[in-house]
Amino acid sequence: MSYSEHHLARHARLVADALLTDVDGASAIVVATADGFHLAQSGPRSVDPARLAAIVSSLAALGDAASRETGIGTPRCLVVDCSDGRLVVRCVEVQGEALIVVLLTDRSILLGLALNSLAKAEQLMNAA
Amino acid sequence: MNAMVSHKIVFTGTPGAGKTTAIAALSDKPPVLTDVRNTDASLGKERTTVGLDFGEVDLGDGQSVRLLGTPGQLRFEFMWQIIATDALGLVILIDNSRPDPLADLATYLDAYEALLPSMNCAVGVGRTLECPLPTLDDFADALAARGWVFPVLAVDVRERDDVLMLVDTVLAQAETRI
């Protein structure tokens with residue numbers, strides 16, 4: 001199966017484009033399967049979507065393991081907060097399938113707004 | 001009171017070779033797993049590790065081993081290096097039922113080439129009863145051709161004693177280096 005033909009690839013492209021429009025300061029968006037294959041990307045910043053998809057898949061799985069270990073419920077977001085930007089990772093479920101949405105931003109955007117936009121993105125994918 | 005000595009041994013190898021199973025077989029406690037639903041039909045399995053596996057076994061005599069498993073797929077190569085940092089040893093698991101097990105071995109030797117001179121290593125070959133070729137000697141020859149001499153053992157990673165033998169082999173090499 002080509003991941004461009006994945007049954008949720010259209011949903012992924014929709015949300016990647018929507019986030020780019022919705023979030024000022026977004027420089028790249030990547031949507032990936034939970035096991036690290038990229039489904040869609042958007043944004044002006046050059047990233048290797050295949051590599052980033054694999055990395056955030058590991059991050060999300062480690063976040064899930066940490067939440068299980070500490071009993072704090074289902075992971076929603078992970079944030080890699082850096083000097084020149086943020087990587088905000090949202091674990092979503094679309095049609096029963098776990099996906100990962102990654103939002104790369106500069107530091108001008110408030111984290112709460114980014115989290116809110118990612119929550120809306122999950123709703124958008126499930127409504128599509 | 002003597003302090004507990006804790007060693008770190010990394011299990012790597014192809015998807016389906018049994019890294020998660022091996023760690024679960026040996027760990028004293030249920031291991032930490034980071035497996036997710038697999039969407040790659042070519043792997044032929046329901047779930048796959050994308051982060052790491054972690055288990056721990058108390059060997060007695062004040063020694064324990066932390067067992068870390070890598071994801072198998074090449075796209076997770078960045079995790080291979082992270083997980084192997086400061087490890088005492090490396091266990092490469094090979095699934096002999098795959099199309100080219102010797103090429104699989106070469107993939108992991110290449111990936112860990114920079115670390116191998118300072119690591120202790122063992123190769124565990126699974127499913128040798130169903131798939132006897134390549135033989136263990138073939139694997140040893142492939143290692144020797146690259147200048148490595150590591151123990152190559154036939155293993156069933158579901159069997160705790162087999163996994164313990166791999167760990168013991170790595171620890172024995174470490175002893176000889178002291």
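**How many residues lie between E4(B) and E5(B) in their hairpin, and which residue in the turn has a positive phi?**

These legends describe a predicted model, in which local features need pLDDT of at least 70, side-chain atom pairs count only at pLDDT 80 or more, and totals for chains, interfaces and linings use all residues. Residues are numbered from 1 along each chain as its sequence is written, while chains are lettered from A and ligands numbered from 1 in the order in which they are written.

**View 1. The hairpin of E4(B) and E5(B).** There are 2 residues between the two strands, and B:Asp61 in the turn has a positive phi of about 55°. Strands (E, at least two residues) and helices (H or I, at least four residues) are DSSP runs, numbered from the N terminus. E4(B) and E5(B) pair in the antiparallel sense over 7 bridges; two strands pair if DSSP finds at least two bridges between them. Look for B:Gly55, which stands opposite B:Leu67 in E5(B).

**View 2. B:Leu59 in strand E4 of chain B.**

**View 3. The open sheet of chain B.** Its 6 strands follow the order E4-E5-E1-E6-E7-E8, with mixed pairing. Strands E4 (53-60) and E8 (152-155) of chain B stand at the edges with a single partner strand each, so one side of each has no neighbour in the sheet. Neighbouring strands are turned by 25° against each other on average, direction ignored. Further in, E1 (residues 5-13) runs parallel to E5 (residues 63-69) of chain B, joined by 7 bridges, and B:Val5 stands opposite B:Gln63 in E5(B). Helix H3 (residues 101-111) of chain B lies across E1, E6 (89-95) and E7 (120-126) of chain B, at about 155° to E6(B). Such angles run from 0 to 180 degrees between N-to-C directions, with axes fitted to C-alpha atoms, for helices over the stretch in contact.

**View 4. The buried side of helix H2 (residues 77-84) of chain B.** Here the buried residues are B:Met79, B:Trp80, B:Ile83 and B:Ala84. They cover an arc of only 120° around the axis, which puts them on the same side of H2(B); the arc is that of the directions from the helix axis to the C-beta atoms. What covers them includes helix H2 (49-70) of chain A, together with E1, E5, E6 and H3 of chain B. After H2(B) comes B:Asp86, with a positive phi near 65°.

**View 5. Helices H1 (residues 19-26) and H5 (residues 160-177) of chain B.** Their axes come within 8 Å and cross at roughly 95°. H1(B) and H5(B) are therefore roughly perpendicular, a label for angles of 65 to 115 degrees (under 35 is roughly parallel, over 145 roughly antiparallel, the rest oblique). B:Ala22, B:Ala25 and B:Leu26 of H1(B) meet B:Arg160, B:Val163, B:Leu164 and B:Val167 of H5(B).

Note on methods
Two residues are in contact if their C-beta atoms, placed from the backbone, lie within 7 Å. A residue is buried if 20 or more other C-beta atoms lie within 10 Å of its own, exposed if 12 or fewer, and partly exposed in between; C-beta atoms are placed from the backbone.
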